[in-house]
Amino acid sequence: MSLGVHGVNKSFGGLRVVDDVSFQVQAAELTGLIGPNGAGKSTLFAVISGFQPADAGCVRFDGHEIQRLSAAARARLGIARTFQVPRPFAHLTVRENLLTGARDQPGEHVFNLLCRPGVVRQRERQIVARADAMLEFLGLTRVAGERAGALSGGQQKLLELGRALMTEPRFILLDEPYAGVNPVLIEEIERRIRTLSEQGTGFLIVEHNLPALARLAARLLVMDRGRLIASGTPAQVLADRAVQEAYIGGGP
Amino acid sequence: MSAAVGLNLAVAGLIQGLLIALAGLAVSLCFAVARFPNAATGDFMTFAAYAGVAAQAWTGSLLAGAASAVLLTAGLAVASYVLVFRNFRGRSLVAPLIASIGLAFLLRSVLTFFVGFDQHSFHVPIARAIVFAGARVRPIDLWLAGTSAVTLLAVLAVLFLTPIGRRMRAVADNPELARASGIRARAVMLTLWTLIGACSAVGGVMLGLQTVVVPEMGWNLLLPAFAAAVLGGVGNPTGAVLAGIALGLVQALSTPLVGFTYQTAISFILLIATLVLRPQGLLGRAEPVR
Amino acid sequence: MQGYLTAVGTVGGIYALLALGLNLQYGFTGLINFGVVAFYAVGAYTSALLALRGVPFVLDFAAAAVLAALFAWPLGVMCLRLRDDYLAIVTLAFAEILRTVIVSEEWLTNGTRGIPGIPRPFSGLGAAAGGFAYLALVLAAMLAGVSLTVRLVGSPFGRLIQAIRDDEDAVRSVGKSPARCKLVVFMIGAGLTGLAGALYAHYLTYISPDQFVPLLTFYVWIAVIMGGAGRVGGAIAGAALLTLFLEGSRFLRDVLPFVSEVQMASLRLAAIGLMLILFTLYRPQGLLGRVAR
């Protein structure tokens, strides 16, 4: 299973933010996407997950072209994403945030609430059990009943990861999962990502914490000013001249 | 419909369109830069018309009356920004939208409390209509059209030809970027609200000159003004002006077909059609979804 | 006195039903419906016209709710995939247009002269008992509205609509489409509003276009905002406060002889306007709420 972009372009008001980017990511190969600020990484994420339409090019997932699908439809296909700045449902509790992520709850249709309450209750029990396991997995059990808006930034990052996982994704796009998270928690998240990856979930991760990402990723992609400038193993990429220049800001 | 009737309707439509354009421009400016549809725009216009009538009665001069109306309404708009809308920065557009409705009610009720519901009017010298190719044009209408057009062009000129206008458009395009690049928001916002006030004021005085001054006059123009702002593309002031003029013409020219009662329904139908077919507006660009 | 209290209770109950509808739309889902009065009018006219043609009361009320919800459907389909403020503009416009239609389509609505002689349920019981029975009917409808809200909000559907209110994009990111849920809520809310309209029409036994002015929409808004948007009890508390305010202003008029009836109307409008501004500025969570939104 793979996720790929082919010749993707995206401009905002004459500024080309993503410039003819093509790559393919295998689920078996945890991949990192790096680059200086403004390189177009988040925009590329938005294009892949369906939050921004590409001006040109296509997005393929598991052999199908998906660029015409809505963001919600892509999520249902199995592409989950998190946001650079966490976006929890601030007035819902932490547990409710996770429950909202679960798929196939017939109780999200009013018709089923009225006509098939038994089915709804049964599914709700399953989902609650899964959410509680997820809370355990993320170490958020203690705050399960609190409003998500009251959590710390790091906890919100975790919660968002959990909410994405509740959708039972086959592929996850993580936008800076370590930003604002304390080092202890980073190791925690890292371990969890590794477990999931070994279980077959695909990952594409944008992250500025290069050492942490290099530990995790089998492969790195590098973007600069909208273009893909390098790809390879972390060791290869970090030794690359062009990459170093992009980061140090050398060159015109 | 005979040519003369058609021409008469077109003239009436053009004037109506210029009025809608003024209101639409005020709405669109607020939409673009302050990012909410300002429902108080109509009552800014009403306020201006009353202020104009009062000032004319006091000074005896129509020009002085109109000028005071513009000054007072600009002041009112700036005050409403400083006292109310400024405090909503960083909150969803719902809050300023609801507050603008509140402001609209407050303005109107203060007017009706002190002045009552009777209709007032400007004193306009009576003059014979000019007949031109079968179309009858009152001299006052020529003045109305001329003044409205000049005002519209002047506001667009400020927007596109001056440094403060350029900064205003930068804020409209990308507020975060504009903030990051150190554009002083205060000067921009004060200018913005002055323009909104001035636009509404000229519109209100013109509307009052064309017909009579009543408390509901501005509110009744709000729907066409919103329609013009959406039709022209949200946050596209030039589009709002063109759409406003077009709306006035379409409304007037469709009168023989739909009757006078359903004139405003036309702007509603066009508004709906725009939202369904081209939500970014006729002249708008697709707005990026966050 | 008892008659007066019954009347106030009835009107208050109708406001509560209106507030419940708007609270579902705005408080829980974040929909900006500026056309409450339009759905109210649809309900009132539907029920009144059917009743005058001899249709039984139960069917009149049901038809009022259903038709109001059906009116909401096309508006919702068109606006709910767009920015939040488009629904506000379109519903505001819809209310204005609907009033024009009611005024000018005399064959159906009797125009500005209005519709007199709408039958009232329980009128056979005499003034006092009939009024009391009608109050009970209104309160029953209100309780039904409360129970509907409580059950909806506590369900997975309710969880989803509150998630939509908090962050639509995040809802999309977990594979759910906000537009569908928003449409359902918009229609349910409109249905409650339509039912309130029917109750109003049969209570007053006379309706005319000037009872359905935009101001009424914002009475309901201020009720929801005062009571606290997004809380079930908030709608009821807000409606009670609103009724208190409206009745209070009537008493005030009696003790302030130098203020004319017309001026009192202005003062009431001023108070509503000022409250809309002050609440959104300083207490968006309502009078009783704790958590800032």
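A residue is buried here if 20 or more other C-beta atoms lie within 10 Å of its own. The model shown in these views is predicted.

**View 1. Chain A as a whole.**
Of the 252 residues of chain A, 45% count as buried. The chain has ten helices and ten strands. Its C-alpha atoms fill a box of roughly 65 × 40 × 35 Å along the principal axes. A compact globule of 252 residues would have a radius of gyration near 18 Å, and chain A, with 19 Å, agrees with that. Take the contacts in chain A between residues at least 6 apart in sequence: 65% of them join residues at least 24 apart.

**View 2. The open sheet of chain A.**
Six strands of chain A form an open sheet with mixed pairing. What is the order of the strands? The order is S6-S7-S8-S3-S9-S10. Strand S6 (79-81) and strand S10 (227-232) of chain A stand at the edges. Each has a single partner strand, so one side of each is left without a neighbour in the sheet. Neighbouring strands are turned by 20° against each other on average, direction ignored.

**View 3. Strand S8 of chain A and its two partners.**
Strand S8 (residues 202-206) of chain A pairs with strand S3 (residues 31-34) of chain A in the parallel sense, over three bridges. A:Thr31 stands opposite A:Leu204, and A:Leu33 stands opposite A:Val206. S7(A) also pairs with S8(A) in the parallel sense, here over five bridges. On that side, A:Asp175 stands opposite A:Val206. A:Val206 therefore has A:Leu33 and A:Asp175 opposite it, and S8(A) is largely enclosed by the rest of the structure.

**View 4. The two faces of strand S8.**
Is S8(A) largely enclosed or left open? Five of the five residues of S8(A) are buried, so the strand is largely enclosed by the rest of the structure. In a regular strand the side chains alternate between the two faces of the sheet. A:Gly202, A:Leu204 and A:Val206 lie on one side of S8(A). A:Phe203 and A:Ile205 lie on the other. Both faces are covered.

**View 5. A helix across the sheet.**
Which strands does helix H1 (residues 41-49) of chain A lie across? The helix lies across S3, S6, strand S7 (171-175), S8 and strand S9 (219-224) of chain A. H1 runs at about 150° to S7(A).

**View 6. Chain C as a whole.**
Chain C has twelve helices and zero strands. Of its 293 residues, 57% count as buried. The C-alpha atoms fill a box of roughly 60 × 45 × 35 Å along the principal axes. For 293 residues, a compact globule would have a radius of gyration near 19 Å; chain C has 19 Å, which agrees. Among contacts in chain C between residues at least 6 apart in sequence, 76% join residues at least 24 apart.

**View 7. The side of chain C that touches chain B.**
Here 32 residues of chain C are in contact with 36 residues of chain B. Four elements of chain C each give two or more residues to this side: helix H3 (57-79), helix H4 (84-104), helix H10 (214-227) and helix H12 (261-282). Which element gives the most? H12(C) does, with 13 residues. By type, the residues on this side of chain C are 22 nonpolar, six polar and four charged.

**View 8. Helix H12 of chain C.**
H12(C) has 22 residues. From its first C-alpha to its last it reaches 31 Å, close to the 32 Å expected at 1.5 Å a residue. Its buried residues include C:Ser266, C:Arg268, C:Leu269, C:Ile272 and C:Phe279. What do the buried residues pack against? They pack against helix H4 (94-115) of chain B, together with H10 and helix H11 (232-255) of chain C.

**View 9. A buried glycine in chain C.**
C:Gly158 is found in helix H7 (residues 156-166) of chain C. Is C:Gly158 buried or exposed? The residue has 24 other C-beta atoms within 10 Å. The cut-off is 20 or more, so C:Gly158 is buried. Leaving aside neighbours within four places in sequence, C:Gly158 is in contact with C:Leu152 and C:Val153. C:Val185 is 27 residues away along the chain, and its C-alpha atom is separated from that of C:Gly158 by 9.5 Å.

Technical notes: Residues numbered from 1 in each chain as written. Chains lettered and ligands numbered in written order. Predicted model: local features only at pLDDT ≥ 70, side-chain atom pairs only at ≥ 80, totals over all residues. Contact = placed C-beta atoms within 7 Å. Nonpolar A, V, L, I, M, F, W, Y, C, P; charged D, E, K, R; others polar. Pairing = 2+ DSSP bridges. Axes fitted to C-alpha atoms, helices over the stretch in contact; angles between N-to-C directions. Rg over C-alpha atoms; globule rule 2.2 N^0.38 Å. Buried ≥ 20, exposed ≤ 12 C-beta atoms within 10 Å, placed from the backbone. Expected span 1.5 Å × (residues − 1).
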